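Please keep the sequence and the structure at hand while reading.

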Amino acid sequence: MLSPVLLIDSQNRHMCPVHNSPSPGHCQHLLKKTLLVKMSSHLPPNYTPALLHRYLSHFNRDPSQLNVIDHDAVGYATVEERAARAKKYNEVASDYYDLVSPLYEQGWGQRFHYTPIFPGKSIADSMTAYEHEFARIARLKPGMKVLDLGCGIGGPVRTITKAIGCKIIGITNSAWHVERGTQLTKLAGLEGKVTLVQGNFVKLPFEDESFDAAYSVESLCYAPHPAEVYREIKRILKPGAPFTFHDFAMTKKFDENNTEHAKIRNWVEFGNGIVKMPWVPDMRRCVLTARFELLAEEDMADRSNGAPWYYGPAGDVPWAWRVPGWDDFFRVVKMSPLFLFIAKSIYRVLILFGFAPPETLTLMDTMWYCCRSVAISGKMGIFTPMYVFTCRKPITANKRSGSAEQKQEQEKVELKRA
């Protein structure tokens with residue numbers, strides 16, 4: 001998992017003002033300062049346990065108990081509780097990414113998404129290969145003006161821009177994503193081709209018909225009303241422009257009335273800051289409701305033939321042995337159940353003696369939900385993190401009923417995938 005075991009920065013040897021010597025192991029007040037949720041060198045200056053409390057406030061039933069996760073409320077959320085969260089989906093997602101983004105970058109890299117695993121390739125190499133393939137599926141061409149919806153810190157944006165030569169504007173609801181992503185874009189030498197802005201993809205700050213294409217990678221699932229988002233995306237696209245999205249989704253195998261299915265779905269929501277997980281048939285219906293032409297759809301998890309796509313978040317070390325290189329091995333070891341057990345044991349001792357904040361264990365548990373929930377539901381076949389829809393804005397304005405030919409084609413797609 002993305003373990004906050006890296007809370008201790010062993011290279012951060014500040015000089016102790018009391019002893020005038022390096023502090024590790026010798027000066028409790030400086031060690032506490034180092035341990036206080038210092039997860040990486042990329043952290044925003046205001047990173048504190050308050051970020052964890054703020055996120056948990058959306059899920060815990062007792063607002064006075066925000067140092068620990070209310071596991072019952074997470075797993076067995078009521079319809080009313082989920083509906084209440086859906087009304088503040090943007091706030092929930094913002095609080096989630098303020099909390100976990102530095103951990104994501106530290107543990108998973110600059111690209112915050114899952115990928116099919118290709119034969120002979122590591123997770124990182126598979127991501128690069130998949131992003132190139134996704135750009136092809138999304139029909140991106142050199143010179144296009146493209147919108148990335150929910151761009152994070154811009155990992156896929158930079159990969160696609162380098163590969164295709166298009167200009168991409170990425171939008172995210174996180175100010176820190178914009179700040180960090182802009183830094184990384186400058187380092188990549190892509191300042192003139194990549195721009196990251198803060199905003200809400202339900203109310204895009206762009207003019208009508210101003211983009212040649214749009215795409216999204218694991219982002220639109222954060223909006224509880226997909227059709228509303230799809231219509232807004234259609235507004236800013238030029239006629240005939242492609243729109244392709246890769247997203248978290250519950251599959252056709254998911255049964256809302258199955259208590260175990262619903263519990264694990266709720267785990268995925270909590271672990272990933274989502275208020276209402278989309279269901280593939282509903283996503284398809286919403287695409288058609290928004291009057292997009294639906295060209296194709298596919299669960300990209302089915303393309304994972306080098307290894308199960310979920311072996312990373314599952315902490316499956318035996319699979320990591322089989323992948324070339326050591327990058328995946330160490331990454332997966334840090335997500336393994338044994339590593340988590342050892343890490344939590346160490347931190348219980350540190351917390352007992354006051355060397356670490358109690359929120360450390362809670363953050364570990366939060367990241368357990370993030371990783372294990374997708375691995376468990378992925379193995380069950382009730383969830384995929386990479387369902388792809390390829391759409392197009394009609395060249396001519398849609399009439400209410402649409403052309404007979406277009407309706408027939410859309411009905412064929414629906415029947416094929418239903």
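In what follows, contact means heavy atoms within 4.5 Å. The model is predicted.

**A pair of helices**

By that criterion, Pro226, Ala227, Tyr230 and Arg231 of helix H9 meet Met283, Cys286, Val287 and Thr289 of helix H11. The residues of this contact comprise 6 nonpolar, 1 polar and 1 charged. Two packed helices are described by the angle between their axes and the distance between the axes. For H9, which covers residues 226–236, and H11, the axes come within 8 Å and cross at roughly 40°. The two helices are therefore oblique to each other, and the crossing of H9 and H11 is right-handed.

**Pockets and cavities**

Rolling a probe the size of a water molecule over the atoms shows where empty space is left. The count of cavities of 30 Å³ or more comes to 7.

| Space | Volume |
|---|---|
| Largest pocket | about 390 Å³ |
| Second largest pocket | about 310 Å³ |
| Largest cavity | about 380 Å³ |

The largest pocket is lined by 21 residues, and Lys276, Met277, Pro278, Trp279 and Asp282 lie nearest its centre. Helix H4 (79–86) and helix H11 (280–289) are the elements that give two or more residues to this lining. H11 gives the most to the lining of the largest pocket, with 4 residues. By class, the lining of the largest pocket holds 13 nonpolar, 1 polar and 7 charged residues.

The second largest pocket is lined by 17 residues, of which Thr251, Asp299, Asp302, Gly381 and Tyr387 are the closest to its centre. At least two lining residues each are supplied to the second largest pocket by H11 and strand S7 (383–392). S7 gives the most to this lining, with 3 residues. The lining of the second largest pocket has 6 nonpolar, 5 polar and 6 charged residues.

Which residues lie closest to the centre of the largest cavity? Of the 29 residues that line the largest cavity, they are Tyr97, Gly150, Cys151, Gly152 and Ser219. Two or more residues of the lining come from each of helix H5 (89–108), helix H7 (155–164), strand S2 (167–172) and strand S4 (213–217). H5 provides the largest share of the lining of the largest cavity, 4 residues. The lining residues of the largest cavity divide into 13 nonpolar, 13 polar and 3 charged.

Conventions:
Residues numbered from 1 in each chain as written. Predicted model: local features only at pLDDT ≥ 70, side-chain atom pairs only at ≥ 80, totals over all residues. Heavy atoms only, no water. 1 Å grid on protein atoms, 1.4 Å probe; cavity = no way out; pocket = protein on both sides within 12 Å on 5 of 7 lines; lining within 4 Å. Points joined across faces, edges and corners; volume = space filled by probe spheres on them. Nonpolar A, V, L, I, M, F, W, Y, C, P; charged D, E, K, R; others polar. Axes fitted to C-alpha atoms, helices over the stretch in contact; angles between N-to-C directions. Parallel < 35°, antiparallel > 145°, perpendicular 65-115°, else oblique. Left-handed = near helix turned anticlockwise from the far one by under 90°.
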